[in-house]
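Try each task before you read its solution.

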Amino acid sequence: MKANECEYCSGDIQPKKVTVNYSYKGKLVIIKDVPVGVCQECGQRYYAAATLEKLDTMAQNSDVAPERISVPVMVMSP
Ligand SMILES: [Zn+2]
């Protein structure tokens, strides 16, 4: 397997900046401009270990977030 090849579909992985919905201890945090590798074929995201650590740290300090949004929460009825 090549370094920039998707492990699921062998597609090409390109570096991108994405918005991540990150859940930390039941608290949802949205983090923008996160650098990840994205498979061009299946959309699988690949995070560097350092990036995941940073997401964790940022989620723990979400009190300093410059922006807040309200999110609708729904339940699908049968
Ligand atoms: Zn893929």
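The model is predicted: local features need pLDDT of at least 70, side-chain atom pairs count only at pLDDT 80 or more, and totals for chains, interfaces and linings use all residues. Residues are numbered from 1 along each chain as its sequence is written, and side-chain values use heavy atoms, with hydrogens and water left out.

**Exercise 1.** Find the protein donors of the zinc ion and name their arrangement.

Step 1. Look for donors (N, O and S atoms within 2.8 Å of the metal, or 3.2 Å for Na, K and Ca; water is not among the atoms, so sites may look incomplete). The SG atoms of C6, C9, C39 and C42 lie 2.2 to 2.4 Å from the zinc ion.

Step 2. Check the spacing in sequence. The donor residues follow C-x2-C-x29-C-x2-C.

Step 3. Check the angles. Four donors count as tetrahedral if all angles lie between 85 and 135 degrees. Here the 4 donor atoms subtend 100 to 116 degrees, so the arrangement is tetrahedral.

**Exercise 2.** Classify C6 and C9: buried or partly exposed?

Step 1. Recall the cut-offs: buried is under 20% relative accessible area, exposed is over 50%, and partly exposed lies in between (1.4 Å probe, protein chains only).

Step 2. Apply them. C6 has 1%, so C6 is buried. C9 has 33%, so C9 is partly exposed.

Key: Tetrahedral: all angles 85-135°; square planar, octahedral: opposite > 155°, others 65-115°.
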